[in-house]
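Please consult the sequence and the structure below.

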Amino acid sequence: MLIRRISPDLEKAPGLVAERGSVLGLPMHLLASTTSTNDEAKHAAKDGAPSGSTWVAEQQTAGRGRQGRAWVSPRGENLLFSVLVRVTCPPSRLPPIALVAGLAVRDALASAAPEAEPRIKWPNDVHIDGKKVAGVLVEAVTAGTRVQAVVIGVGINVHTRDFPEDLADRATSLALASRVPPDRAAVLADVLARLDGDLHVVVARGLGLLRVRLEAADALRGRRVRSDTGDEGIASGIDDDGRLLVRRDDGVLARWSAGEVHLV
Ligand code: BTN
């Protein structure tokens with residue numbers, strides 16, 4: 001069943017974004033249901049939508065995550081949104097952009113629930129107490145080999161308290177982690193304002209000084225990790241291109257650029 005209206009809490013979001021003076025977030029399209037907010041943004045990019053346009057949905061019927069996974073979220077409970085940003089850059093900038101989006105989400109969640117201590121799990125998940133609370137999916141709109149625009153899709157578990165059995169030990173929400181009831185519109189406006197501040201820095205100059213903030217919030221640093229292909233080592237930070245640095249047992253500093261990372 002599709003819902004036909006937007007909850008009043010989300011309707012405040014465009015006003016909050018305007019108050020913060022963010023370029024990202026406006027115009028904001030609030031949707032009762034869509035296949036995927038990333039699809040909305042990608043189609044609109046081709047139709048000339050302005051940079052900063054944002055799509056927020058109460059429900060997605062084909063929400064997707066990284067590596068071809070589905071992103072499933074009960075309708076009306078969480079934050080599902082995508083921002084279109086018109087930037088011209090080489091494809092190598094995409095991982096740093098995704099990391100900075102994860103950092104904006106992490107910082108907004110830390111501000112909403114300081115006691116929760118959210119952390120970034122490379123490449124761009126946000127975890128609280130070792131469980132995933134948010135994920136980022138960055139997709140590029142390209143012309144030839146150049147990126148013409150990026151779509152930054154974000155899913156944040158805000159109000160969900162009961163996760164399906166197969167997710168219960170791996171997923172959490174702001175409501176479960178916080179003493180104060182979370183406010184979806186405030187979290188959304190805060191993520192967008194933080195992203196607004198850092199995005200153009202990373203597009204122009206790469207991660208640079210943002211690495212210090214990323215490393216302070218890094219859930220993996222100093223931990224033993226294993227890749228999907230079975231490589232192992234100690235996570236040792238993130239390089240300027242957004243790759244995970246892993247000190248292997250033979251002493252070599254490896255740079256992992258894709259795939260999932262598991263704590264050993
Ligand atoms: C991941 O952790 O694998 C990334 C999840 C990204 C989910 C969000 S929800 C809003 C936007 N629309 C989508 O279809 N995906 C992203």
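Which helices and strands each supply at least two residues of the shell around the ligand? They are α3 (37-46), β3 (79-85), β6 (131-143) and β7 (146-156), where helices (H or I, at least four residues) and strands (E, at least two) are DSSP runs numbered from the N terminus. This is a predicted model, in which local features need pLDDT of at least 70, side-chain atom pairs count only at pLDDT 80 or more, and totals for chains, interfaces and linings use all residues. Residues are numbered from 1 along each chain as its sequence is written, and side-chain values use heavy atoms, with hydrogens and water left out.

**Ligand shell**
- The ligand is surrounded by 20 residues, each with a heavy atom within 4 Å of it.
- Ser36, Gln60, Arg64, Arg66 and Lys132 are the closest.
- β6 contributes the largest share of the shell, four residues.

- A nitrogen atom of the ligand lies 2.8 Å from a polar side-chain atom of Gln60.
- A polar backbone atom of Arg66 is 2.7 Å from an oxygen atom of the ligand.

**Backbone features**
- The peptide bond from Leu26 to Pro27 is cis, with omega near -5 degrees; Pro27 lies in the loop between α2 (13-20) and β1 (28-31).
- The peptide bond from Trp122 to Pro123 is also cis, with omega near 5 degrees.
- Asp129, in the loop between β5 and β6, has a positive phi of about 50 degrees although it is not a glycine.

Key. A polar contact is a pair of N or O atoms within 3.5 Å; within protein, one must be able to donate a hydrogen and the other to accept it, and residues adjacent in sequence count only if both atoms are side-chain atoms.
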